[in-house]
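Have a look at the model first, and then let us walk through it.

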Amino acid sequence: MRYFEVTARHGHHGNGCYLPITFVFAADNLLEAVTKAQQMPGVKHTQPVLSAREISCGEYYARRATSAYENFKYKEETR
């Protein structure tokens, strides 16, 4: 299993506008990681992926832990 960081265009920001959003995936190859990113909710259908790269195992788990903490912190602030 290899780890990939994929930056995609997230829609719903106005006509022709997008927000670049980065996902991290565990996949067998780059094509599988890009396919997973294209299937995420809100990702634009036309030219969805901006960039993709392989990352180390440690970086993958560090990014997952950071995003989980940010989600928890956001939920606590909105209560």
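Two strands count as paired if DSSP finds at least two bridges between them. Strands (E, at least two residues) and helices (H or I, at least four residues) are DSSP runs, numbered from the N terminus. This is a predicted model, in which local features need pLDDT of at least 70 and side-chain atom pairs count only at pLDDT 80 or more, while totals for chains, interfaces and linings use all residues. Residues are numbered from 1 along each chain as its sequence is written, and side-chain values use heavy atoms, with hydrogens and water left out.

**The sheet**
- Three strands make an open, antiparallel sheet in the order β2-β1-β3.
- Because β2 and β3 are at the edges with a single partner strand each, one side of each has no neighbour in the sheet.
- Between β1 and β3, which run antiparallel, there are six bridges.
- Alanine 8 has valine 49 in β3 as its bridge partner.

**The helix on the sheet**
- Ala33, Val34 and Ala37 of α1 (residues 30–38) are buried, meaning under 20% relative accessible area with a 1.4 Å probe, protein chains only.
- These residues sit on the same side of α1, because they cover an arc of only 100° around the axis, taken from the directions from the helix axis to the C-beta atoms.
- Their cover includes β1 (2–10), β2 (19–27) and β3 (49–55), with contact meaning heavy atoms within 4.5 Å.

Terms used:
Buried means under 20% relative accessible area, exposed over 50%, partly exposed in between (1.4 Å probe, protein chains only).
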